[in-house]
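Good morning, and thank you for coming. Please take a moment to look at the sequence and the structure before I go through a few features.

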Amino acid sequence: MITIHEKTAQAFDTIGLGTLVPGSCIVTEELNGAYELELKHPYDDGGKWKRIERGRILYASTPRGMQPFRIYYVKPTMKEIAVNARHIFYDLLDNQCEPISHSGTAGAALAALQAAFAYPMPFSFDTDISLTGTLTTGRMNPVQALLSDDDEATSFVKGYGGELLRDGFRVSVKAALGQDRGVSIRYGKNLVGLEVTEDESDVKTRIICYGKNGSVTLESPHLGNYIYPKIYTLEDENKTLSEVQEEAQALLDGGCDIPSINIKVDFVALEKTVEYREYAVLEEVFLGDMVTVINTRMGFRKQAKVISYEWDCLLEQYNDVELGDFIPTLAAAVTSGVKSGSLASSAYINAASVMTLLQQHLNDFENPHHVTAAQVQS
């Protein structure tokens, strides 16, 4: 069930302004990145579509439960109303933080960030990160203060690391958002609905270590998987050879000798294959979870993180999930707000003209809802 609530709502334990009957409703989320909803709603005879306005809040299903999304873009057509909404977290784009200069614990850094707000907002901040670090920013909005990769600032994630859990008005920065649920998948051939990308451009299979008292070479057990050894030099004259060797071994243990992997699973397409059961386990993972990926052809296994997903709010199931070795760029979390604002602004005139036309039909009591394709303006 999808409900819509007034702009000022902060609790969603009732149906608010009422329920909606959309034709489709999709949520997408990226790790430390964009978190948005797209909804398309027909002009139902009951008039539920009239409740849809910019600024109001949609309360919809996600993999981690019901979440609020504020509508920022409305596009009425002759057939339906299409809307885009951002997770309520992005209300923070409207505020501004005074310059922050903090050194200390992660929890104290979040408190300093909130204390720097130009005006109070109903958000709470918490973290399970135990490290100490720094938070140093100029004047910027709170989302940037949390996530920005600006070279001239040290945002929270640059100073302390962490992955965002956005739950209503609660912003929790976790050392690791997900967990290893024991899920593993095997691949070694192309499948409909399974897109696998391997990149060996940064692979290292032979590491030559130089310290202040000599040199040593470490070789990967996967050396033979490639035409030539992929040599990498690790040199530090201020460290002993054993210290440099430990760093090299840590690189190998971390999988530097294995291609980076990105896997996108399209469940809708995958359902058509006989191998579907092998990958259905991915329907039980969440953003940030670790999945063991096994390549039977090359004979290796490694872990990849769930970095994004697309969720069908009506069917309450994934359309697709994406696994990768990396965290998406932080810029997406910040710039999406700028893009969203320009979209909403540019759409206003078009939306107003279409709504005027629709209202004319609604006022025609002989034919109040029968808007036809012939009436669409190009």
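I begin with Glu-271, which counts as partly exposed because its relative accessibility is 48%; buried means under 20% relative accessible area, exposed over 50%, and partly exposed in between, with a 1.4 Å probe and protein chains only. Please note that this is a predicted model, in which local features need pLDDT of at least 70 and side-chain atom pairs count only at pLDDT 80 or more, while totals for chains, interfaces and linings use all residues. Residues are numbered from 1 along each chain as its sequence is written, and side-chain values use heavy atoms, with hydrogens and water left out.

Glu-271 sits in the loop between α5 (267–270) and α6 (276–279); helices (H or I, at least four residues) and strands (E, at least two) are DSSP runs, numbered from the N terminus. Its C-alpha atom is 8.1 Å from that of Gly-193, 78 residues away along the chain.

I turn now to a sheet. Three strands form an open, mixed sheet in the order β9-β12-β11, where two strands pair if DSSP finds at least two bridges between them. β9 (124–127) and β11 (163–167) are at the edges, each with a single partner strand, so one side of each has no neighbour in the sheet. Strand β12 (residues 170–174) pairs with β11 in the antiparallel sense over 5 bridges, and Lys-174 in β12 stands opposite Glu-163.

A second open sheet, also of mixed pairing, has 3 strands in the order β16-β15-β17. Its edge strands are β16 (214–219) and β17 (231–235), each pairing on one side only.
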